[in-house]
Number of protein chains: 2
Amino acid sequence: MDWIAVDWGTSRLRVWAMADQNDVPLKEARSDRGMGQLTRDDFEPALLDLVGDWLSDQRQTPVIACGMVGSRQGWSEAPYAAVPSEPLAAAMARATTKDQRLRVWIIPGLKQTSPADVMRGEETQIAGFQAMTPDFDGVICLPGTHSKWAHVSAGEVVSFRTFMTGELFACLADATVLRHSVATSGWDETGFSEGLDITLSRPERLASELFSLRASDLLEGTGGAVARARLSGLLIGAELAAAKPYWLGQSVAVIGSEASSAPYLTALRAQGVAPIRVDGSEMSLRGLRAAFETVKDTVP
Amino acid sequence: MDWIAVDWGTSRLRVWAMADQNDVPLKEARSDRGMGQLTRDDFEPALLDLVGDWLSDQRQTPVIACGMVGSRQGWSEAPYAAVPSEPLAAAMARATTKDQRLRVWIIPGLKQTSPADVMRGEETQIAGFQAMTPDFDGVICLPGTHSKWAHVSAGEVVSFRTFMTGELFACLADATVLRHSVATSGWDETGFSEGLDITLSRPERLASELFSLRASDLLEGTGGAVARARLSGLLIGAELAAAKPYWLGQSVAVIGSEASSAPYLTALRAQGVAPIRVDGSEMSLRGLRAAFETVKDTVP
């Protein structure tokens, strides 16, 4: 093992043991000790819990981390770089450790002044995608709790926008009156398409269509799986309507897990877009490697 | 005391002791024993806790109730009447009681088949408003957890739509990443107006503007009160954009509390509408009295 790759988000921590010349991780581990539940002094022990056994006493092991670990409430703040910017243009922050076997770098996120927007973690996935397809010029969609759309050109992130679609879905389905009508699993392709069409063509209807999910259930006994797919369609349709300047007539790449990407691929294809999909974890790893390459010669 | 008026919603119970010939309540009481936390057998004791001392052993006291108490999960289901309909056209449901001093009626809600929609409680407020202004022809806006817009003509509710604006505000402000940036109190008129203008003219921007509340805070330190007012403006703007066919060029009455009505009045006035406002509790009472008038001659 030559270095350690770390994806440290709000709610989870993933680590991979990496060899210098090999893209396939030697080992991996994860825990639920995300940034959201840690104070500054908790980060080093949380990392050592997973990687302590991988370390050598003979030398320092480089650790490259991305995600919310670099936020103000994180381990060590890695200030945002302003777009337009290459995704990894800014110098990484260092986190100091008590354990001398570690040498930790944290990748800065990106910020946009107007409209105000920020990302942490996705810039690393974008860098990973660029490492794989250096000539890509177009739009990258990263579905998730906070979905991102980024316009990428000539190696730079030109602009981006964030949509709270995943978090909206969760809070509507779990914490509002819709919880009585929206199932926690199951799917219905027609329900999804209908919801999508409504808000993509008439985005103002989102506000009234939400309660209709409840009313349809009360009056017609609409199934919970249909309501779940329809809610997803309504929210993704609203996102696509707002993000239209991004994807219309563009080359689009979707970076994410199979599950989170599937509805976006369906929706984009229905609009005549032919998106490519790549795996989110793989892009994180590729991006972390690209960041490692910039510092590996500084390691004793 | 001749009868008892009851407004029994999901989260609270309010009761008033009424004289036959007087609109001013003799007494009132309230508790937090809303429909949401009660099983069928809990309703009678919950009511008796508040009104037991008001009852006479010599005769039955009529009780007229509106709200979620008439839902399928309520005390006794009062099936919806379909619009177009006068708000109190359908026969009230009876709830049986062990206590022979009570004689309980429950007002049915209204339903709309397409688009699917339902109301329970607001039909009583609309009836109260009609009792006060019998010639009103126009649109009634009832702000709240689930805001309603109803088109009223020739004494009938012709159509209506529900918007989850209040519940969306609460779930976004309390249960998403916005909780770090949106204050629990405070207000900023400029923030409200800016949010309102964005979504009223470009409703598709709601999806991206939500996360901007968080990003603006991180990048520019926008205050929590400004973010709170702006979030309210964004959501009410989206509601007004969707409800435009209701209010545009119409006489509009807003029925609600002073606090819940204020942002709607501001927003409608900014659009050149001159709404009148009446108090929500007062309209509930007037509507309950109108319902009482239809049955009082049947009471021994």
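**A guided look at the model**

A:Pro115 sits in the loop between β8 (110-112) and β9 (117-119) of chain A. Helices (H or I, at least four residues) and strands (E, at least two) are DSSP runs, numbered from the N terminus. This is a predicted model, in which local features need pLDDT of at least 70 and side-chain atom pairs count only at pLDDT 80 or more, while totals for chains, interfaces and linings use all residues; side-chain values use heavy atoms, with hydrogens and water left out. Residues are numbered from 1 along each chain as its sequence is written, and chains are lettered from A and ligands numbered from 1 in the order in which they are written.

**Confidence**

- Chain A has an average pLDDT (the predictor's confidence in each residue, from 0 to 100) of 96, and 100% of its residues score at least 70.
- For the complex, the predictor gives an ipTM of 0.93 and a pTM of 0.93.

- The peptide bond leading from A:Ser114 into A:Pro115 is cis, and its omega is near -5 degrees.
- Another cis peptide bond links A:Val83 to A:Pro84, with omega about -5 degrees; A:Pro84 belongs to the loop between β5 (81-82) and β6 of chain A.
- A:Ala154 has a phi near 50 degrees, a positive value in a residue other than glycine, and its place is the loop between β11 (147-153) and β12 (156-163) of chain A.

**The six-stranded sheet of chain A**

- Strands of a sheet pair through backbone hydrogen bonds, either parallel or antiparallel.
- In chain A, six strands form an open sheet in the order β3-β2-β1-β4-β7-β6, with mixed pairing; two strands count as paired if DSSP finds at least two bridges between them.
- β3 (22-31) and β6 (93-95) of chain A stand at the edges with a single partner strand each, so one side of each has no neighbour in the sheet.
- From one strand to the next, the twist averages 25 degrees (axes are lines fitted to C-alpha atoms, for helices over the stretch in contact, and angles run from 0 to 180 degrees between N-to-C directions).
- Strand β2 (residues 13-19) of chain A pairs with β3(A) in the antiparallel sense over six bridges, and A:Ala17 has A:Lys27 as its bridge partner in β3(A).
- Helix α1 (residues 43-51) of chain A packs on this sheet, touching β1 (3-8), β2, β3, β4 (61-66) and β7 (102-106) of chain A; contact means heavy atoms within 4.5 Å.
- The direction of α1 makes about 55 degrees with that of β2(A).

**The three-stranded sheet of chain B**

- An open sheet in chain B has three strands in the order β5-β8-β9, with mixed pairing.
- Its edges are β5 (81-82) and β9 (117-119) of chain B, each with a single partner strand, so one side of each is left without a neighbour in the sheet.
- β5(B) and strand β8 (residues 110-112) of chain B pair in the parallel sense over two bridges, and B:Ala81 has B:Leu110 as its bridge partner in β8(B).
- From the other chain, α5(A) lies across β8 and β9 of chain B, at about 85 degrees to β9(B).
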